[in-house]
Every structure is written in structure tokens, then in C-alpha cells.
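Work through these exercises with the structure open. Try each task before you read its solution.

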Amino acid sequence: MRLSYVATGALMTVRELLRNRVVLIMLFVIPSVFYTLVALTTPDRPIAFKLASVSEDTFVSVSQKSESLIFIGLAAVGFLTSFVAMTLIRRDVDVNRRLVVCGYRPSELVVSKLAVLVGVILVVALFVSTALLVFFRPEHFALTAVGLILVGWVYGAYGLLVGALFRRELEAVLFIALLANIDAGWLQNPIYYADAQNTEIIRALPAYFPSQVSMVAAFSDHPVTIPVLASIGYGLSLLVLALIVHRWRMPAFRG
Amino acid sequence: MNDRALLTINDIAKAFRGTPVLNGVDLELRSGQMLAVVGENGSGKSTLLKIIVGLLEPDAGAFRIQGTMGYCPQESLVFENLTVRENFQFFGKAYGLTDWRERSVRLLKRFQFAQYADYLISKVSGGTRQKLNLCLALMHDPDVLILDEPYSGFDWETYLHFWGLTEELLERGRGLLIVSHLIYDHDQFSAVHELVDGVLRCD
């Protein structure tokens, strides 16, 4: 892999992204709207829920509003990063194929997009983490932010996979909306999880480990090493699948 | 100048889901030659072209390109959210050109669209896109230039520029292959091949 090719690819991808003003604005508007709605509608009364990744018997009692803010922040980062990832890998796919015919390696193109995606994940997750401080301060702020970065990592990889798999945009959008909505936007809410059955299904979904990192870090002193590592591994697995599909869809590099 | 085989295609075959599309295609393009491959819609022209440029693998047969290849697709395959100049930069990198700036300036002048160099592609006319589409195939001065349906892809101005350029390219020993459902200016071509039933027949 030639690093200068990756750098040029990343530079061009950033330029394209920065020119898409509406998307850039939405990256900040959507979490702000989500937070505002939660802050306006959720009561402050205490609520008890299970920290599922710590043990089945570990409960914490916290403000319902604080819990909902963490939950909605995770959902917002998951939604946004998966859509951005899907767009990055799908947009101009035929022009990228032409670039490969002209001498780019498919791996250089995909790594350049991945580098930009990591940047987007960091910016969005850090914005959402910092905005949390307007409403309350998590017990371990840095680790809570790590959970938000990790949900971006896992859902970003999922977005890449969906973008590489589906040729038409509608299918890709539906697959992202479906999973992000049911997983990050519903099942990973610890309040729902507390009474859920077949919880092994919830534990197998992409947002489970990152959600646990943020929830455990925000409301307890329990370690988060295992969910952090599991999140990294989950994201990596999705990423490898995405790279395989992407490579298969691209023409061979002739050198 | 006709002394060097730039593109040699031997017995290329390709089938899709058991339906043969190419049944042993042979073709040789030598330096200083301009060849046309014509055929009805569905005759396999696009399949042959995709195999030559590397977008598709053949089931059987072999081909060899001596030197570098430039490919001008029918549709303008350029980055919409980049400027004309940035497209040159990106493709220049793909070709491994360190002097992409100088080359792009020459082409911008030659094809008379230098005034749009810093415009986003999404803001320029179809004619400017077509010029850029062709220039991106030319910027590394390829030994073999392959054009897909240039008659329907080019506007009149680009078409005239193109013919002016072909003469110069052929004099310099380059080879041109034009793939189209029909061609005009037959006498400009070294040979016209028709793709019928998956094989090439020379007119």
C-alpha cells in the first residue's frame, strides 16, 4: 500500500465531504435535537436498571433523564456514523472503479475512506460527549466518551458493509435504518433490557458493547475493559467483511 | 509506424449464466493504427471493452497491452463534488504522475476549458464534463487509447477536438480503439471490425 496514494484519496474525500454542507450541519443538528427532546420530555426521577455487562445482579439507580441522554447520544452517533460510512463507500463507486483501472489500488481507496470515517466518528462522538456536559457530568466522562466513539466505530463499520453490499441506495438506507433503530434506538436502552427476555439476542447486536461502555462508565466505577475490547473486535469483524465485499466489487489492480 | 503490437487479444471468450457473449475474439492493434469495433446493442461490445480495460475477467483467452492504456468511458465518470483541477490531481495520482499540474494546464488549454479549472463538476456544463472525461484518459499520454461510444458521448466541440488530436496521436505511434454501435468517418480508420455472434469480423 502506497501511503501518498492513501493521503491523496483521503484529501479528496475530505474535500467532497466538506462541500456537502447539509450533511455537515446535520451531524451537529441531529444530536442537538435529540438531546433537547430528551431534556424537555424525560423526568428527573430516579430509575433503577441493570448493568448487564457487569453482572446480572448489578443494578444502579440514576436520574431517568441522565440515563436517557446517554442512550440517545449513543443512538445518534450510531445512526449518523453508519449513514456517513454508507455514503462514503457508495458515492462515486463507478468513478472509483475508473480510478482503479487507472492505477489506484482498491485497498488504497478504501483505507483513505476509512481514515476520513474515523475522523468523522471522532468529531461526532466528541461533540455528542461534550454536549452531554450541558445536562449532567458522567462519573467517568472520558470513558463515557470512549463508548460513544466505539458505537461510531461499530456502526461505521456496519455502514461500510451495507454500503459495499447493496448496489442501490434505498436497500442500503433501509438496512441501516432498520438495525440502528431497533438496536441502538430501542433494545440497548437499559430500561428496556431490565425486563427483556432472550437477552442473548440483545447482547449479540452491534450497539450492545459500546452502550455498556458508556452506561457503566457514566453511572458506576466498574471496569469497562471487556466491553471496550469486545466493541473493537465487533467493529473489526464488520470492517473485515466490508473490505472483502468491497474488494470483490472492485476491478483487479493491474499494476 | 505500424511495427509494434500495442494490444493483442487472443481467443477471448465470455459467457453470462451459460449464455455465451464472446466466442473467441481476436484482435491486434498496432502502433499508428485506429481500429473500430462496432456491433448491435447486446452484441458484446461492452463486455469486450470491460475485459480489455480490466473491469471484467474473461472466461478464456488472453490479451496483452504493450505500454500504458487510457480509457474514456461513454458516461462522464468524474467526481461531482471535486473541481476540474482536483479531478486532474486525483487521476494524475492514479497514473503516478508528478507533473499532473503541467499536463492538466496543457490539456485545459488545448480543449479550451481552462476558465472552468476551479469550478466544481456539479456546476459545469455537460460539454465541459465530456472534455474532462476525455482529458483524464489522455493526461498520461497513453500508448493505447480506448474510447467507448465517443459519438454519443461527445458534444460537437469535443468531437472536433478529438479528431484533431487523433491525427497527432497516430503520427506519434499511439494506437486507438473505438468501440461504438455505429461509426462515421469510415475512411479515418485503419480497419473496422464488426462483432457478430460473439466473434469479430473485419469489414
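**Exercise 1.** Find the handedness of the crossing of α3(A) and α6(A). Then describe how the two helices pack.

*Solution.* Start with the handedness: in this predicted model, α3(A) and α6(A) cross in a right-handed sense. Next, sort the contact residues by class. There are 15 nonpolar residues, 10 polar ones and one charged one. Two packed helices are described by the angle between their axes and the distance between the axes. Helix α3 of chain A spans residues 64-90, and helix α6 of chain A spans residues 141-165. Their angle is about 35°, and their axes lie 7 Å apart.

**Exercise 2.** Decide how α1(A) is oriented relative to α5(A).

*Solution.* Take the angle first. The axes of α1(A) and helix α5 (residues 106-132) of chain A cross at roughly 50° and come within 8 Å. Angles under 35 degrees count as roughly parallel, and 65 to 115 as roughly perpendicular. The crossing is right-handed. Now list the residues that meet. From α1(A) they include A:Y5, A:G9 and A:L17; from α5(A) they include A:E108, A:S112 and A:V116. By class, this contact has nine nonpolar, three polar and two charged residues.

**Exercise 3.** Which element gives the largest share of the side of chain A that touches chain B?

*Solution.* Count the contact first: 20 residues of chain A meet 17 residues of chain B. On the chain A side, the elements giving two or more residues are α1 (3-18) and α4 (93-102). The largest share, seven residues, comes from α4(A). Finish with the classes: this side of chain A has nine nonpolar, three polar and eight charged residues.

How values were computed. Residues are numbered from 1 along each chain as its sequence is written. Chains are lettered from A and ligands numbered from 1 in the order in which they are written. This is a predicted model: local features need pLDDT of at least 70, side-chain atom pairs count only at pLDDT 80 or more; totals for chains, interfaces and linings use all residues. Axes are lines fitted to C-alpha atoms, for helices over the stretch in contact, and angles run from 0 to 180 degrees between N-to-C directions. Helices (H or I, at least four residues) and strands (E, at least two) are DSSP runs, numbered from the N terminus. A crossing is left-handed if the near helix is turned anticlockwise from the far one by less than a right angle, and right-handed if clockwise. Ala, Val, Leu, Ile, Met, Phe, Trp, Tyr, Cys and Pro count as nonpolar, Asp, Glu, Lys and Arg as charged, and the others, Gly among them, as polar. Two residues are in contact if their C-beta atoms, placed from the backbone, lie within 7 Å. Angles under 35 degrees count as roughly parallel, over 145 as roughly antiparallel, 65 to 115 as roughly perpendicular and the rest as oblique.
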